[in-house]
Amino acid sequence: MQRVVSVVAHLGFRLQALPPALCRPLSCAQDVLRRTPLYDFHLAHGGKMVAFAGWSLPVQYRDSHTDSHLHTRQHCSLFDVSHMLQTKIFGSDRVKLMESLVVGDIAELRPNQGTLSLFTNEAGGILDDLIVTNTSEGHLYVVSNAGCWEKDLALMQDKVRELQNQGRDVGLEVLDNALLALQGPTAAQVLQASVADDLKKLPFMTSAVMEVFGVSGCRVTRCGYTGEDGVEISVPAAGAVHLATALLKNPEVRLAGLAARDSLRLEAGLCLYGNDIDEHTTPVEGSLSWTLGKRRRAAMDFPGAKVIVPQLKGKVQRRRVGLMCEGAPMRAHSPILNMEGTKIGTVTSGCPSPSLKKNVAMGYVPCEYSRPGTMLLVELPSGTCF
């Protein structure tokens, strides 16, 4: 069956079902799954645990997925994202190392400022997306995806060894901190009660080390993966349960799991690596050209620059777009057709939008079909009712 869809004006459906390859029931290889410092905490609070990227994580709690999603939009929710890879790059050549791997202008970051960037290969493909923060403590704080943990760590370690063999001053440390994301319009208000620092002085994509609910050494970063205001708190593992318990005492805060995180990020038009971007997708095709630093574009000194930079002025064969429709939801791998019924692309992520009461998705189509308002068809599995 086919459903008429419309290309939306931007990939963020918000004003400001998890992929099966990454998520599966715990009955599969439960004994080899890694656990975050909050594992027992999740069980105690009714967390329904699933395997995700090699970790045991809550997909949801006692609240329904829709209630959890909407609570995040209206109040704030606490997510355990401790499965993410957190690393510290130190030494006087730390910027040189990072700029040899990513497309962003790391040298221009002010103290405690961060940026979303991309690891790329020489063919211009995206190896992973990550956040790099230039801390005032003299190191780079890097957060990248759990699904790419081994690949990302090997990439950075290999480059560290290469530069060290050249006599460069650089090193890498993997942090064992937990990582908690407090997301939603009241997140800053909730957190402010627990810190001495003025969070009004912590704008988007900046961070600071502070004491939170008596736990010292927490790095609080104003960022997130929901399209809402919020923070991510890198907390020493021993203090993670205390911090989560203290936050939950505020009635504004509820726990949220992977299901809500996925629908929230999709409403906001944010990519899931492995679904919406991968090693065969360039930043330009993925509508992520804004991650390319101006100086880096001019110097063409990042991996894949000879492929990526010409695409900025030329024409790429396909682009990532947002899609919206009513009726049956669009799902990953569903074919996208033009109005004549010819397949032109594929949906990469899709789900019902609890906020919009419509179905949202993203996928790739040829450039001539990427204009907002373009009407297309998405082929749904046979037997779908709508």
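View 1. With 386 residues, a compact globule would come out near 21 Å, and the chain has 21 Å, so the two agree. The radius is taken over C-alpha atoms, and the globule rule is 2.2 Å times the number of residues to the power 0.38. This is a predicted model, where local features need pLDDT of at least 70, side-chain atom pairs count only at pLDDT 80 or more, and totals for chains, interfaces and linings use all residues. Residues are numbered from 1 along each chain as its sequence is written, and side-chain values use heavy atoms, with hydrogens and water left out. The C-alpha trace spans about 60 × 50 × 45 Å along its principal axes. Secondary structure comes to 9 helices and 21 strands (DSSP runs numbered from the N terminus: helices are H or I, at least four residues; strands are E, at least two). Buried residues account for 58% of the 386 (buried is under 20% relative accessible area, exposed over 50%, partly exposed in between, with a 1.4 Å probe and protein chains only).

**View 2. Here is the largest nonpolar core, with 29 residues.** Such a core is a set of buried Ala, Val, Leu, Ile, Met, Phe, Trp, Tyr and Cys residues joined through side-chain atoms within 4.5 Å. L78, L182, L191, V212, V220, I233 and V235 touch the most other members. Elements that each supply at least two residues include strand 6 (76–80), strand 12 (178–183) and helix 6 (240–248). Helix 6 gives the largest share, 4 residues. Apart from this core lies another, of 28 residues, among them I89, L101, L127 and V142.

**View 3. Zooming in on L78 brings up its contacts.** Leaving aside residues up to four places away in sequence, L78 touches L180, A181, L182, A244, L247, V253, R254, L255 and A256 (contact means heavy atoms within 4.5 Å).

**View 4. W55 and W149 make up a tilted aromatic pair.** The structure holds 1 aromatic pair, and its rings sit 6.1 Å centre to centre with 45 degrees between the planes. Rings of Phe, Tyr and Trp (its six-membered ring) pair if their centres lie within 6.5 Å; planes under 30 degrees apart are stacked, over 60 edge-to-face, and the rest tilted. W55 is in strand 5 (residues 55–60) and W149 in helix 4 (residues 149–165), so the pair ties together parts 94 residues apart in sequence. W55 counts as buried because its relative accessibility is 6%, and W149 does too, at 13%.

**View 5. R35 has its charged end over the ring of Y39.** The distance to the ring centre is 4.0 Å. A charge sits over a ring if NZ of Lys or CZ of Arg is within 6 Å of the ring centre and within 35 degrees of the ring normal.
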